[in-house]
Amino acid sequence: MEQEELRLPLAQEGLSRPVEGNIATGLVWGVLISIPLWISLIGWMMGIWKF
């Protein structure tokens, strides 16, 4: 066997991940993180202006 035949082939399947799934996961995490930030921002503004 030659040296090239002993090498493991590069996993092309692992390189082509579904981009849509990554975008959807990022959007879900962004919404989940932003909800408490908006609630705290609204509470902070209500505390300043005494609504």
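**Fold and surface of the predicted model**

Of the 51 residues of the protein, 0% count as buried. This description rests on a predicted model. The accessible surface of the protein comes to about 5,200 Å². Carbon and sulfur atoms supply 71% of that area.

The secondary structure is helical. The protein has 3 helices and 0 strands. Along the sequence, the elements follow the pattern α-α-α. Helix α2 covers residues 12–15, and helix α3 covers residues 19–49.

The mean pLDDT over the protein is 79. A score of at least 70 is reached by 61% of the residues. Among the elements, helix α3 has the highest mean pLDDT, at 91. Helix α2 has the lowest, at 55.

L41 has a relative accessibility of 34%. This residue therefore counts as partly exposed, since that class lies between the buried limit of 20% and the exposed limit of 50%.

Methods: Residues numbered from 1 in each chain as written. Predicted model: local features only at pLDDT ≥ 70, side-chain atom pairs only at ≥ 80, totals over all residues. Heavy atoms only, no water. Helix = DSSP H or I, 4+ residues; strand = E, 2+ residues; numbered from the N terminus. Buried < 20%, exposed > 50% of the residue type's maximum accessible area, 1.4 Å probe, protein only. Areas by Shrake-Rupley, 256 points an atom, 1.4 Å probe, with all protein chains shown as cover. pLDDT = per-residue confidence, 0-100.
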